[in-house]
Amino acid sequence: MIFSCSGGFRIIRKEGPDDSGRTVTETPQRGLLVAPGVFNAVTARLVQRAGFHAAYLSGAGLANAMTAFPDIGLVTLTELAQQTTHITAAIDIPVIVDADTGFGGPQNVIRAVQELERAGAAAIQIEDQKDPKRCGHLAGKRLVPVERMVEKIATAVKARKDPDLVIVARTDARSVEGLKAAIDRSRRYRDAGADIIFPEALESAAEFTRFRERVSGPLMANMTEFGKSPYLSVRDFERMKYRIVIFPMTIFRVMMKSAQSALADLKRTGTQRSLLKRMQTRQELYDLLDYDYYEGLEAGESGFRTRIRGR
């Protein structure tokens, strides 16, 4: 599946086998796209197997999981591109990649777009914070001048080789300069060529609605936990005519809490027996990893067929 922004934002499912092995034809899919956050290839495959049509490579999730660093821009472009390559090789659904501030000025943005496009990103997100950046739902953020961000967006648009590579412009202005400034900035980013606008950390359903009324074109919303935004549902955003909703840290937080609890039980009891019912089984993991496919290759089976790359 790919994003396409030419002639209007849409999702296209390419011809090929679906989960049941049937052939599906290239079909435009419109409406709201829900993209759970991932931080490595195996969580991306879980997202695809769950039936979602896109994944969001979370900058926070990647920094936290890969390095145990906070989300303050310490992951390098090389590390992000490598993880993007692993994820896009493992799944067939499009991946939206959080590229933070673009790793510097316009020159850095050119390199970031080239590397991430080569790694298979379907969409690249760039935000208007100053470095060092902060989590979008924390205090203390600082913004680059609007002209600087406009230059970055225009540069990103020119740098892409594939016209269907989507450029997402995120603004953190709501928490720094207010809602009106966020709207004004977003209009400038749209004029600079951004395909999707992402207003970060809006603080009420009314603000999401007002933003939709004041900013044209596709919008993306963030439903992170424990932040400034209220917990709105996918149906709420469908009614407001948003086009993408991301849940960037949901599965990360659930996995971490489960692991924390399991370790406490193991430490207390000295055995994993009570944890078995909470585990993914060996066979479930092997199914997710297409283990039988590799076994078949080693055995030299002719005509061996299985689901590949999580399909």
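Student: Which residues of helix 7 are buried?

Tutor: This is a predicted model, in which local features need pLDDT of at least 70, side-chain atom pairs count only at pLDDT 80 or more, and totals for chains, interfaces and linings use all residues. Residues are numbered from 1 along each chain as its sequence is written, and side-chain values use heavy atoms, with hydrogens and water left out. Helices (H or I, at least four residues) and strands (E, at least two) are DSSP runs, numbered from the N terminus; buried means under 20% relative accessible area, exposed over 50%, and partly exposed in between (1.4 Å probe, protein chains only). By that rule the buried residues of helix 7 are Leu179, Ala181, Ala182, Ile183, Arg185, Ser186, Tyr189 and Arg190.

Student: How far apart are the end C-alpha atoms of helix 7?

Tutor: The expected span of a helix is 1.5 Å times one less than its number of residues. Helix 7 (residues 179-191) has 13 residues and should therefore span 18 Å. The model agrees with this, since the distance between its end C-alpha atoms is 19 Å.

Student: What covers the buried residues of helix 7?

Tutor: Contact means heavy atoms within 4.5 Å. The cover includes helix 5 (146-159), strand 10 (166-171), helix 6 (174-177), strand 11 (196-199) and helix 8 (205-214).

Student: Which residue forms a salt bridge with aspartate 172?

Tutor: A salt bridge is a side-chain nitrogen of Lys or Arg within 4 Å of a carboxyl oxygen of Asp or Glu. For aspartate 172 and its partner, the closest N and O atoms are 3.0 Å apart. Aspartate 172 lies in the loop between strand 10 and helix 6 and the partner in the loop between strand 9 (123-127) and helix 5, so the pair ties together parts 31 residues apart in sequence. Both residues are buried, and the partner is lysine 141.

Student: Which side chain does a polar contact of 3.4 Å join to that of arginine 170?

Tutor: Arginine 170 lies in strand 10 and is buried, with a relative accessible area of 4%. A polar contact is a pair of N or O atoms within 3.5 Å; within protein, one must be able to donate a hydrogen and the other to accept it, and residues adjacent in sequence count only if both atoms are side-chain atoms. The side chain joined to arginine 170 is that of glutamate 127.
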